[in-house]
Amino acid sequence: MKTRFRYLFSLVLILVSFQNCSKIDVKNIQRDLGSTAVPEIPEVITSGFLTLPEVDVLIETDFEVPKTFNLNSEATLPASQVTISDATSMPIKGRLININIAARNFTYTPAHGFRGNEKANVKIRDTNNKEIMFKITFRVGNALSSFEPALAVRGVGCILCHANIKSNIITDFGLGSEYYFGGTASGLGWNSGNIYGNHAENLRSISLTDNKSIFVPAITLPNSAQTLKAYVQSELNLGSSSAAVASEKNKIYIGAPVESDLTAAFHITNERSKYFKNDSNSSPDLIGLMDSNNFFQVIGNFSCDGDVFIRGPLYLDNLKIKTLQGCRLYVVGSVFLYGEIQYVDASNINNNLQITSTKSINVGLGTPFNKAGKLCDVNTHAETVRSGSSLRSRYVDVWTVPSQFVRSTTNPKAYGQSILAEAGLIESQIGALPDASCRPEGRTVHYEKLLLNAPAVNSRYTGNFSGTVIAEYAIMALGAFKFEFDPVFKLVPVLPVLDASKYLKVGN
């Protein structure tokens, strides 16, 4: 460097890729942005330097969207003391450049096709032997990390009843539709049984952890000058969650992909299934998924580390999953999930299962008979007694009333019948799908590190749920049910082959 520069400014970037959907094999790289050499980074800083505190920085951006940010803190060096002779772009997983030396403004541009996390250490040092290390984490295309929702559900009228919720909630109560807050389409008021409103004033019945939020759109109630935020806050204050907060967002979209979204994302023509590994070298092959002509099934052992397209209903039973960074299932059709989910390597912090469906996800729903034809004790399970099947109860006989619309249909019974028809394809080969009360594990099954996304999510299990439910509406086991966001979804990509606008988009 020329001697006319009075100060030395060095930037050392150490980028580590956590996930790359473009499947590029990337290794840890250390590089001085001011030269082409690759210097050794000392583990111990020379004793003559005054080391200032490290500063952790989180930079989040959408898929393929550049982000400009500023590296400033109380510990930073004065702008007058910083200069640099060269700032070189560095394309690895993303490209980080310094666009204003004095102000320490940077722009990070994600590489084409990249979703996931990567890290950079940016060290600034001057000739007065002062330095600071900015430890930056870049999160690209993760729709959950900013809001950490346990629930992102449009129709929360039933799922919140007496629920114990440890994390944030995102909802719009069906905004934009004629059934918003019990509109004219439902024939029901906002507090008289409509899942798109405050069913039986259930907002007063929930237990929401202190300092957690319910995010709602910035809009007023129908035929009222009161904002939705103010209404929700008043209900919380009247109930057991006075410390919880209602927060406004300019835009909330909660949905699920349609078939064309999935076929476009996977570049599908006529294939029935397709698998992309997280990493072409280290990820295991897909093992355990069986094509049974009219449906797919996995029973027991399942090896999956990446993204799997499945065309047709999917039956999952007592999964034992071997994965490294997580398994993500994209299903054209309904999903029928039974029993526990066990991760083979329990010590792996990145274990997770993500399921998105174009139709519905059904957990433990079926008939009150086991496979041997023996009648289970269902005296305390009224919905199976009334309809002879919790599947029928949820979709066509009892729960499916005019308020139970989904965005894609105005005929909920026809929609429900199509789901029963998919269940029939499975039952024609394996026998009747038993209700959870009739299975060996019973109804007390806990799930963790699980993401469920579909227009409708229904469950009969009473165990706790750690993860995220994203749905038009969701009906789980009622009464003291516990939902909690699982921190694994801050570490791993979330449905990375899809744009977040297809399932969850929250605008400030």
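In strand β9, I136 is the bridge partner of A120, and the two strands concerned, β8 and β9 (residues 130-140), pair in the antiparallel sense over 10 bridges, where pairing requires that DSSP finds at least two bridges between two strands. Helices (H or I, at least four residues) and strands (E, at least two) are DSSP runs, numbered from the N terminus. Nine of the 10 residues of β8 (residues 116-125) are buried, so this strand is largely enclosed by the rest of the structure; buried stands for under 20% relative accessible area, exposed for over 50%, and partly exposed for values in between, with a 1.4 Å probe and protein chains only.

The model is predicted, so local features need pLDDT of at least 70 and side-chain atom pairs count only at pLDDT 80 or more, whereas totals for chains, interfaces and linings use all residues. Residues are numbered from 1 along each chain as its sequence is written, and side-chain values use heavy atoms, with hydrogens and water left out.

**A three-stranded sheet**

- Three strands form an open sheet in the order β5-β7-β6, and their pairing is antiparallel.
- The edges are taken by β5 (67-70) and β6 (94-100), each of which has a single partner strand, so one side of each is left without a neighbour in the sheet.
- From one strand to the next the twist averages 25°, with axes being lines fitted to C-alpha atoms (for helices over the stretch in contact) and angles running from 0 to 180 degrees between N-to-C directions.
- Six bridges join β6 and β7 (residues 105-110) in the antiparallel sense, and N98 stands opposite F106 in β7.

**Salt bridges**

- The whole structure contains 16 salt bridges, each being a side-chain nitrogen of Lys or Arg within 4 Å of a carboxyl oxygen of Asp or Glu.
- One of them joins D261 and K502, whose closest N and O atoms are 3.3 Å apart. This pair links distant parts of the chain, 241 residues apart, with D261 in helix α2 (residues 259-266) and K502 in the loop between β28 (482-484) and β29 (504-507). D261 is buried, with a relative accessible area of 18%, while K502 is partly exposed at 33%.
- E422 and K359 meet through their side chains in a salt bridge of 3.6 Å, N to O. Here too distant parts of the chain are linked, since E422 lies in helix α5 (residues 412-430) and K359 in the loop between β24 (353-357) and β25 (360-363), 63 residues apart. Both of these residues, E422 and K359, are buried.
- D435 and R460 form a salt bridge at 2.7 Å, N to O. D435 belongs to the loop between α5 and β26 (447-459) and R460 to the loop between β26 and β27 (465-475), 25 residues apart, and D435 and R460 are buried.

- On a 1 Å grid over the protein atoms alone, a cavity is a set of points where a 1.4 Å probe fits but cannot get out, and a pocket is an open set with protein on both sides within 12 Å along at least five of seven lines, while lining residues have an atom within 4 Å of a point.
- The volume of the largest pocket is about 420 Å³, a volume being the space filled by probe spheres set on grid points that are joined across faces, edges and corners.
- Of the 18 residues that line the largest pocket, D62, N142, S146, F147 and V506 lie nearest its centre. The elements giving two or more residues to this lining are β4 (55-61) and β29, and β29 gives the most, with three residues.
- Three cavities of 30 Å³ or more are found in the whole structure, and the largest cavity has a volume of about 60 Å³.
- Residues lining the largest cavity include V363, Y447, L450, F465 and M476, and the largest share of the lining, four residues, comes from β26.

**A buried arginine**

- R394 has its place in helix α4 (residues 390-397) and is buried, with a relative accessible area of 3%.
- The C-alpha atoms of R394 and N362 are separated by 9.8 Å, the two residues being 32 residues apart along the chain.
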